[in-house]
Amino acid sequence: MAVAVALVPRISSLLHWIAFLTLVLNLSFSVAVKHDNFKTCDQSGFCKRNRAFADAVAASSPPYLYQISPESATFANGQFQATVSKTIADGAIVQLPLNVTFLKSSLARVELDEERRRTGDIELRHGSEARKERYNESPAWALVGGLDVDVSAKLSEKGKKGVTTIQFGENQRFTAIIRHAPFSIDFQRDGDTQVMFNHRGFLNIEHWRQKVEKEESVEESVEKAAEKPGAEDESTWWEESFGGNTDTKPKGPESIALDISFPGFENVFGIPEHTGPLSLRQTRGGSQDDFTDPYRLYNSDVFEYELNSPMTLYGAIPFMQAHKKDSSVGVLWLNAAETWIDITKKKRSGRKLDTDTHWISESGILDVFIFLGPKPQDLTKALAVLTGNTQLPQQFSVGYHQCRWNYMSDEEVKEVDAKFDKHGIPYDVIWLDLEYTDDRKYFTWDMDKFQNPVAMHAQLDVTHRKVVTLIDPHIKNTANYPVVDELKKRDLTIKNKDGDTYEGWCWPGSSHWIDCFNPTARAWWTTLFKPDFWKYSTYNTYIWNDMNEPSVFNGPETTMPKDNLHHGNWEHRDVHNINGMTFVNATYHALLDRQPKKPHRPFTLTRSFYAGSQRLGAMWTGDNLAEWGHLEASLPMILSLNIAGFPNSGADVGGFFGTPSSELLTRWMQAGAFYPFFRAHAHIDTRRREPYVAGPPYTGIMTQAIRLRYQLLPVWYTAFHEASMDNSPILRPQYYVHPDDEAGFSMDDQFYVGSTGLLVKPVTKEGATSADVYFADDEVYYDYFDYTIYSKKGFKTVDAPLNKIPVFARGGHVIPRKDRPRRSSHLMQYDPITLMVVLDKAGNAEGSLYVDDGETFDYESGAQIFAKFVFDKESSSLTSQDIATTGSMTKSYRQEMSKVRVEKVIVIGAPSHWTDKKHITAEQDSKKFEAEMQFHPASGNKAAWAVVRDPGVSIAKDWKISFA
Ligand code: NOJ
């Protein structure tokens, strides 16, 4: 890599600019991903070696390679410990320490390390200073809890010789059956095998070995390996070149691999980020629709990414869940190195399809958590205990975000802002991409273009709108830039393999990268966000962290050389997939520190992520295209993120590259109004497309979609609150809500919003005027807008002209709304609530509403309202009961919120005996009120509904409305 960097001519910044502009412009007119820039499994040495190893194992009887040394096995205090010995060619033994730990969180954890590397008893080549151990610090970044050991786990009496059987989990309903030779583990629930480790014998820990100098060429080595069955292909052990970059691999081959099978499970989900269906495809030996390369996790800036592909993208969550009727199980493969996952499905005797997976990582220890369900919700909860919950976002960030690359001046920002108001379109945030900076130096402003940022902020403040600005991890390597001077002086950069500050290319041209693995770097980063350092930033400026994979334009696969070094001398190879998270973590804490006396919740947006990143902010799916296919693909992508632990996700509305037709933009706006993170964005070369640009009828329809988002803000914020408590998905796929309905398992083009029963099927096809919606059960569903009844299980074609979003309310829910359109979410703070009571077939409904100040952490001291609503048919009443966590601020907050009243209750599916009812009685604080009710009888296939106006109750205290 050093060679490649040296080859980059050191040219003046003007030339840099020309080169980059040419690059950007050229690239923006090409239409597809450049496959040659990214490795296939065949081009990734360790992936190829492990696939070949698996083939060799599958072809013969499995070599007797891995076994537990009998004298080494112990079980005490919830942990099984042993040494797995790997017998290698000459009969020598490699020792692999094994821990199988049973956790109070009902999970099992399997860790396998390598003794020699662990004790540092190896030699590194090329004089490398890299750490000798296998990387074992992923938990420190990804995990926040769930590691308490379940000491009640016990050895089963029924153990056979050479098998250790351990029972664990609630009521000891889980069992781990550890076979000693060959080594394998089965995990059972209630006696049924759910997850199997190393059943196919693909476990492979590439042990450390001394390089033996050989005369043979790479080609000869490959040939030799091919000729001699069982021989290892050494051609990529010591060095690997790709795209003109050479990885020096000072530690030699060190991959880890394991097969994990899910017997009887036809569907597996998760391992974002990829395009393609939610239900993951086969990657070997499948049908034409399937893939031929494994799913890859190697965070990368993939330019113009393609659809329906196992190629890697910007982020990685190595969590997979397998689902079938009556069972959901899963694994978290806690490894931060480049990882490939093969998926195959097979029918074995007497069972439905089995899904077999093969996980292959380049380095690090083997560290896997096993989730035994049985419900999808159990997996979510357990994953949340491990990796944390969604950050409770600021209210403003749940609204609509207007972004483009770029709003070029403060005057332009003010103009866009004014136009939104002129057209009556609400929005909360305007974004500043790259070009607000002085010559791409972060923490500066281009004062020619942004001559008066203070006036700009002042205008936005009137409507409480915010600014989000871009801050990337590459720091321009230039003279007279205090940030880079300090970065270097304090020695806080990522280093090249020789231990010198790494230099590469990104937006600013020659750049250095801050190493956020280093606590000192994080502390320094914090100082840069203080308004006294970063002139013209305000406490209302929030941050977009882009390019944090990291993207390096002249690096291998557009990222950093793997032999670069991080804090603690860990090789970049070991930590790559965590790198992006460390950067946004630094930013999150910097924002937190900005107002130490009264911190506001940070808002960050990240492109790169890992398991645990949901604690720090939102993510988006990067540089998509303004094409219908990309709109369609955004849904499975966001659903996958939601079930894998990162609910606060969205895609660029309108598509980043290219110019969407007005129809596409309109449909995208409608879909985006149901993304948890709702932001329109566009490439610098594209035509302007703020929602007011298209004109009638599009602008009006887009306005309606954005207003719908604002009307439902209470629903979204409540869903975010739930996600902040147990990381429950905000968008829920069919299988998640109807886990026993097999017809819906692989569906990924419709979803539910939180626990509200709102079912949405965005239209993603050009020219469509109808949509085929699937209703999974015999419960009654109502069209959200006109209360048309759908009460039969199965597909139904519904009208969906351009101005209609297919949204349905499932019976049995109470949906809180705010019905007054305003310019921003803050201005709706004290607006009254409308409750939409959607009765189920039995005539009941339930729902909730979470409210707090939407900005600070006061909710932690009880400044919150969490109202639970119940409509009970029996008593014909709707009640609200506060179930919030109380604290020192509860009283004053409720006082403040007592002015927020319920202004309307709409009961959908209202019983016919209400026909002549004109009044209801409401009760709060032992006071009684009477309010008017209007009954609208059913007509045609539209449900009867009743509306109560101004029942006189506030949301701050419990109340009851009686319809009897
Ligand atoms: C790449 C990001 O994905 C895109 O959203 C952004 O506009 C450009 N970088 C420029 O900052």
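Begin by selecting Cys 506, which in this predicted model is a buried residue with a relative accessible area of 0%. Cys 506 takes part in no disulfide, and the nearest cysteine sulfur, that of Cys 516, is 15 Å away.

A search of the whole structure finds one disulfide, and the link of Cys 41 and Cys 47 is left-handed, with -100° about the S-S bond. Cys 41 is buried, with a relative accessible area of 1%, and Cys 47 counts as buried at 0%.

Now select the ligand together with the 13 residues that surround it, the closest being Asp 433, Asp 546, Arg 607, Asp 623 and His 681. This shell divides into eight nonpolar residues, one polar and four charged. Zoom in on Asp 546, where a polar side-chain atom lies 2.7 Å from a nitrogen atom of the ligand, and then on Arg 607, which places a polar side-chain atom 2.9 Å from a ligand oxygen atom. For His 681, a polar side-chain atom lies 2.9 Å from an oxygen atom of the ligand. Taken alone the ligand exposes 300 Å², of which the protein buries 99%.

Finish at residues 832–891, where the unreviewed UniProt entry places the feature "domain: DUF5110". This span is 3% helix and 48% strand, and its end C-alpha atoms lie 20 Å apart.

Technical notes: Residues are numbered from 1 along each chain as its sequence is written. This is a predicted model: local features need pLDDT of at least 70, side-chain atom pairs count only at pLDDT 80 or more; totals for chains, interfaces and linings use all residues. Side-chain values use heavy atoms; hydrogens and water are left out. A residue is near a molecule or strand if one of its heavy atoms lies within 4 Å of it. A polar contact is a pair of N or O atoms within 3.5 Å; within protein, one must be able to donate a hydrogen and the other to accept it, and residues adjacent in sequence count only if both atoms are side-chain atoms. Accessible areas come from the Shrake-Rupley method with a 1.4 Å probe; for residues, only the protein chains shown count as cover. Ala, Val, Leu, Ile, Met, Phe, Trp, Tyr, Cys and Pro count as nonpolar, Asp, Glu, Lys and Arg as charged, and the others, Gly among them, as polar. UniProt positions are given in the numbering used here, feature names are shortened, and annotations may be inferred rather than shown by experiment. Helices (H or I, at least four residues) and strands (E, at least two) are DSSP runs, numbered from the N terminus. A disulfide is a pair of cysteine sulfur atoms within 2.5 Å. Buried means under 20% relative accessible area, exposed over 50%, partly exposed in between (1.4 Å probe, protein chains only).
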